[in-house]
Amino acid sequence: MSDKPVIIIGSGHAGVQAAARLAELRWDGGIVLVDQEETAPYERPPLSKEMLKSADPTALSLLRKDTFYRDNNIERISGRPVRTIDRAARQIELAGGVRHSYHRLIIATGSTPRRLDVPGADLPGVHTLSSHADALALQKALTAGSRVTIVGAGYIGLEVAAAAAARGCDVTIVEFRDRVLSRVTSEIVSRHFESLHRSNGARFVFGAGVRAFEGDGRVQRVVTSDGTSLDTDIVVVGVGVVPNQQLAADAGIACDDGILVNPHCQTSDPEVYAIGDVARCLRDGEPRGQRLESVQNAVAQAITATNHVVSQSCEVKTEVPWFWTVQHGTRLQTAGLRHESDDIVVRGSALAGKFSVLYLREGRLAAIDTVDALKDFVPAKKLIAAGAALDPARAADPSIKLAQSQTDIAQ
Amino acid sequence: MTDIRRADVLDPEAPDTADPRIVVIDRDGEHHRLDWEPDQSLMEVLRDNGLPILASCGGTASCATCHVFLDPRVTAELGERCEDEQELLEETESFDTARSRLSCQVERSTALDGITVTLAPEE
Ligand SMILES: Cc1cc2nc3c(=O)[nH]c(=O)nc-3n(C[C@H](O)[C@H](O)[C@H](O)COP(=O)(O)OP(=O)(O)OC[C@H]3O[C@@H](n4cnc5c(N)ncnc54)[C@H](O)[C@@H]3O)c2cc1C
Ligand code: FES
């Protein structure tokens, strides 16, 4: 039966979806899911949300119940990193030397938190957050009254800040830019989340990088780029991620801040696919392509790639990119990809705590952020997909349904 | 998406089990009888049995891809939808006030034994 095995490296959101989808499509050549982690495949978003908020080590949120893999003839190899890809022999080699042959290979190795290249970065007490093991360590460290310094006000940093504040920690956030979430959203949303964190006791240090971490045996101080020294008990670094592409690069597969793939998720070797955080998709008209870090993208690319493996189907799973974050109970949902130069329309009132920010490009809806205004999210995704032109005045009025702010422009 | 591997097509002879059972009607009208295990939400029952719902937010009422229709009496018994659930659902094309729920927001209970769940169309 297993004469045409598809091997998937990485059992995160992308890898598990790929395996499940192959089973759904009745791929009977063999499905093998390899991961370096020991645990059953799990969800990452709760690691920085629900899991940190309580002191009890909560159970993992599994991606599928543990009998799913056996029931679907998905062979799992866990606790074992893939060390090399031998494309000539169509084999992978695991740590320890065991080799497995593949018919097609899907690389879903995800990403790793970016490290700060400063003195003291390795001191005990300096955390990053990406795996379940990281979350457990951090959960233990966040004791009431401890001083927590978070480096980076991206969504991971801020989710950790919210959880730490809820646990009674004293929170300071150091951010290189002059506002929070600057990579993912506009000023108005940034300021809203900044004040949310301030009103929950967090302090911000903007416009400062980190020069060093200092301490005797474990971290005790964060020295910022302007020389200020902040006393601290623990540090959480959340300054973005880098794609886990080394395995592919070593095998001679084209990479450039991500494994380069075509819209079917094929790499420069057509028998090897890459999906999820590690993949950079090149499409017509986009000079450098796009690498997205979200569950939505991982799932969509898994479906696209497996469709292509099974039937050479050129059907690409198209969905407007989106992600969500929850901080202090406030939910931000983003759909589409914003440009700095987009025109901004605010719908609803930031003061009332419930609003959306629309990003219009040449009059068409390109992206949206909803802040506790989930109502706009589903229609906005459709309008973005359709490239709909909106009348800004109507779109700004929350008493008018978003879909009804569309202008008919004859083309 | 027509192929469903795990969910057994309804078989009236199937042996009884201790877990509550439900009947799920997929988007092709096919019926599946599934067990509802402890600690699973309704979404997890569907997903873990290979029914084609994306459930991409993992059950946090963020995505509306786990939308199902239940019998109006069941929906009434489940009580009010939370605000997030309501806001997401009422903007979907197939929203039905009496029957629509986000399956990730429905917890297991013996009162739900035997219910029929219909997958809503994909958005
Ligand atoms: C704390 C946290 C919170 C998040 N919150 C959100 C959110 O709210 N919303 C959202 O949309 N996204 C969120 N994300 C991002 C989202 O989780 C990722 O985009 C998604 O997990 C990417 O899926 P993936 O399969 O590409 O990678 P991953 O899920 O990271 O899986 C990659 C897997 O590959 C394994 N691996 C790597 N190298 C090897 C090797 N050589 N051999 C074997 N195995 C290997 C890794 O151990 C890992 O298990 C969050 C991420 C984190 C870390
Ligand atoms: S799984 Fe996303 S809303 Fe239910």
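Reader: Which residue just after α5(A) takes a positive phi?

Author: Gly168(A) does, with a phi of about 85 degrees; helices here are DSSP runs of H or I of at least four residues and strands are E runs of at least two, numbered from the N terminus. This is a predicted model, in which local features need pLDDT of at least 70, side-chain atom pairs need 80 or more, and totals for chains, interfaces and linings use all residues. Residues are numbered from 1 along each chain, chains are lettered from A in the order written, and side-chain values use heavy atoms, without hydrogens or water.

Reader: What span should helix α5 have, and which of its residues are buried?

Author: At 1.5 Å times one less than the number of residues, the twelve residues 155-166 of chain A should span 16 Å, and because the end C-alpha atoms are 16 Å apart, the two values agree. Buried (under 20% relative accessible area, 1.4 Å probe, protein chains only) are Gly157(A) and Leu158(A), among others.

Reader: How is the area buried between chain A and chain B read?

Author: The size of an interface is often given as the accessible area lost when the parts come together. Here the area, taken with a 1.4 Å probe and summed over both parts, is about 2800 Å², with 46% from carbon and sulfur atoms, while 32 residues of chain A are in contact (heavy atoms within 4.5 Å) with 30 of chain B.

Reader: How many salt bridges are there between the chains?

Author: There are seven, each a side-chain nitrogen of Lys or Arg within 4 Å of a carboxyl oxygen of Asp or Glu, and one of them joins Lys354(A) to Glu87(B) at 3.2 Å, N to O. Elements supplying at least two residues each to the side of chain A that touches chain B include α1, α8 and β21, although the largest share, four residues, comes from α9(A).

Technical notes
Buried < 20%, exposed > 50% of the residue type's maximum accessible area, 1.4 Å probe, protein only. Buried area = accessible area lost by both parts, 1.4 Å probe.
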